[in-house]
Amino acid sequence: MNSPVEKIKERLSVVDVISSYIPVLEAGKNYKAKCPFHNEKTPSFFISPDRGSYYCFGCGAKGDIFSFVEQFEGTDFLGSLKILAERAGIALSDYKSKGTDKTDILYQIMEEATVYFESVFESQVEARGYLRSRGLSDATIKSFRTGYAPMAWRSVSDHLMKKGFKKEDIEQVGLIKKSESGFYDRFRSRIMFPIQDSSGRVIAFSGRIFEIEVPTKIGTPTEVGAKYLNSPDTPLFYKSNVLFGIDKAKSAIRTRGYSIIVEGQMDLLMSHQASLTNTVAVSGTALADSVTDSESKINNLGLIRRLSPNVIFAYDGDEAGIRAAGRSAVIALSLDMQVKIAVLPEGQDPADIIAKDSEIWKNIVKNSVNIISFHIDRICNNSSDVRLRGKKIREVVFPFLSMIKSRIERSAYITEIHNKTGIPDKAIIEDFELFERSQSVNSVTTKEAKIIENKQSRRDSLERKLFGIIFWNEGNKEGKDIQALCDNFKENVGREEYDRMVATYEPFRDTMAIEAEMWYVSKTNEITRDLQEIMLNLEEEILNERKLQMAPLDTSQKLEDFNKILKRIEEIKKSRSL
């Protein structure tokens with residue numbers, strides 16, 4: 001029987017999948033595009049329908065539909081499998097992971113907790129009535145898998161442990177907390193909003209308090225709890241890697257060409273209910289100030305930018321909301337995004353506006369304004385004093401302006417500031433140059449850090465591929481050739497280094513073996529060739545690291561070892577497959 005990977009590839013071509021994410025152009029029998037994984041002006045990203053693969057001559061990104069979805073959406077192999085299976089109309093019910101991989105168990109816990117909260121919510125008439133009073137329909141409530149955590153100390157934890165999950169694992173995903181008297185549920189008496197990754201897997205929760213008084217400790221008086229309580233960072237959830245609602249919004253962001261970012265869960269649910277399905281929310285998450293994290297995984301704004309560089313911030317219409325939108329806009333501008341702000345009436349949020357009339361909300365979004373122009377106008381409306389305007393321009397506008405990479409755009413904004421405030425062009429330019437110098441950072445150090453991160457992520461990728469194949473083939477008769485290659489690789493890199501890598505990936509043995517098995521199930525003739533290539537590349541990465549660590553060469557022994565490394569690197573370059 002064909003594996004899920006084979007079935008998906010039979011139904012989805014590499015061109016169809018990639019072109020649903022980025023624009024592609026025909027180039028003979030192949031296709032080309034601007035690479036989504038690095039900035040470029042001339043397309044160097046080529047797609048081969050015959051091979052079912054892609055390759056970027058600019059950054060070296062390559063693979064098939066699964067690796068593309070993994071890298072583009074910042075998910076793992078099983079996440080990309082879920083996304084593409086749903087698109088291909090293939091059920092994964094027959095596919096069962098071995099269930100012993102730690103990460104897989106954590107996902108199972110979060111799914112089971114979501115189902116439990118949903119079932120409790122069914123009997124919560126008051127909670128459902130509250131959401132309806134805010135304007136939500138039953139269909140929207142169900143679509144976002146809204147649930148309820150009962151007013152009990154060990155409700156969800158007892159349920160999960162009865163299902164066979166360990167207390168330590170339940171704590172690891174942030175559902176329970178330790179105390180002097182034991183442990184207790186983190187979420188109690190709250191309407192629960194599951195936060196899902198781009199593939200739709202539940203990775204965290206944001207809980208809105210429903211009953212005002214919440215007990216703080218068993219046997220003690222009650223106190224008023226925080227309005228919203230969010231999951232902490234866990235192995236599944238890092239606040240900067242996801243936005244609430246991204247799994248449902250990503251397709252609409254691509255097709256509509258812009259995203260709307262709101263603050264709260266109710267704002268998000270009501271926006272989707274009003275057909276603005278290209279909306280995501282920061283509630284329970286946090287905007288990242290870079291495209292990727294330290295492990296080279298795509299951050300939330302990085303993914304939003306890949307889907308579309310155009311973003312509208314629609315935060316509450318009070319001073320706090322405007323300041324929050326400003327902080328978010330600076331980050332988005334630094335990532336070279338086009339930023340607008342939706343101007344809301346003071347004291348109102350999107351959910352309130354939509355509940356009254358969704359058309360009003362749609363018009364507010366339609367009439368959103370450029371973030372810099374918005375603040376220039378606001379400063380001019382609030383003061384006619386040129387000196388005060390100049391002070392506010394430096395404090396409020398210059399941080400946005402410094403994020404603009406295009407000199408032409410900057411010049412246009414400086415002209416706009418001059419025209420609206422009456423401040424001379426020369427004075428604006430001089431003040432801005434002073435501001436930039438005061439905000440300067442050591443860009444060389446930053447670049448060096450990025451280079452190290454990229455090299456490390458490449459090594460991690462090679463190691464994962466290598467040990468996925470090794471784990472899969474352990475004990476198989478067909479694995480004799482692979483074992484011989486492994487013995488040779490171990491000798492080349494050293495037993496200590498090899499054992500360290502084995503220990504690193506041992507906890508993920510099952511998932512990695514499954515990935516390798518599903519990938520090579522119908523092309524076992526490619527394993528040896530791929531393994532040789534992976535080992536050569538990985539060995540070269542290790543040797544280059546050792547070479548850098550040897551400086552200064554202050555002894556004859558160091559010089560001899562250094563020359564041996566250079567010789568071996570040269571041998572690898574000559575023998576590597578092209």
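View A. D385 counts as partly exposed, at 32% relative accessibility; buried means under 20% relative accessible area, exposed over 50%, and partly exposed in between (1.4 Å probe, protein chains only). The model shown is a predicted one, in which local features need pLDDT of at least 70 and side-chain atom pairs count only at pLDDT 80 or more, while totals for chains, interfaces and linings use all residues. Residues are numbered from 1 along each chain as its sequence is written, and side-chain values use heavy atoms, with hydrogens and water left out. The side chain of D385 meets that of R387 in a salt bridge, at 3.9 Å from N to O; the term denotes a side-chain nitrogen of Lys or Arg within 4 Å of a carboxyl oxygen of Asp or Glu. R387 is exposed, with a relative accessible area of 69%.

**View B. Salt bridges of helix α16.** The structure holds 29 salt bridges, among them one between E319 and R378, whose closest N and O atoms are 2.3 Å apart. E319 belongs to helix α13 (residues 319–334) and R378 to helix α16 (residues 371–382), so this pair ties together parts that are 59 residues apart in sequence. Helices (H or I, at least four residues) and strands (E, at least two) are DSSP runs, numbered from the N terminus. E319 is partly exposed, with a relative accessible area of 41%, and R378 is partly exposed, with 24%. A salt bridge also joins K420 to D377, the closest N and O atoms being 2.8 Å apart. Because K420 lies in helix α18 (residues 407–421) and D377 in helix α16, the pair ties together parts that are 43 residues apart in sequence. K420 is partly exposed, with a relative accessible area of 33%; D377 counts as partly exposed at 32% relative accessibility.

View C. Strand β6 pairs with β9 (residues 190–196) in the antiparallel sense over 3 bridges, and G147 stands opposite M192 in β9. Contact here means heavy atoms within 4.5 Å.

**View D. Two loop residues with positive phi.** R145, a residue other than glycine, has a positive phi near 55°. R145 is placed in the loop between α7 (138–143) and β6, and counts as buried at 17% relative accessibility. S189, likewise not a glycine, has a positive phi near 55°. The loop that holds S189 runs between β8 (182–185) and β9, and S189 counts as buried at 0% relative accessibility.

**View E. A nonpolar surface patch.** F46, Y55 and F57 make a nonpolar surface patch of about 310 Å². Patches are made of residues with over 30% relative accessible area and no salt bridge: like charges are joined within 9 Å, nonpolar side chains (Val, Leu, Ile, Met, Phe, Trp, Tyr) within 5 Å. F46 lies in strand β3 (residues 45–48) and, at 31% relative accessibility, counts as partly exposed.

**View F. R546 and its surroundings.** R546 is found in helix α24 (residues 527–549) and counts as partly exposed at 28% relative accessibility. Neighbours within four places in sequence left aside, R546 is in contact with N492, V493, E497 and I565.

Technical notes: Pairing = 2+ DSSP bridges. Areas by Shrake-Rupley, 256 points an atom, 1.4 Å probe, with all protein chains shown as cover.
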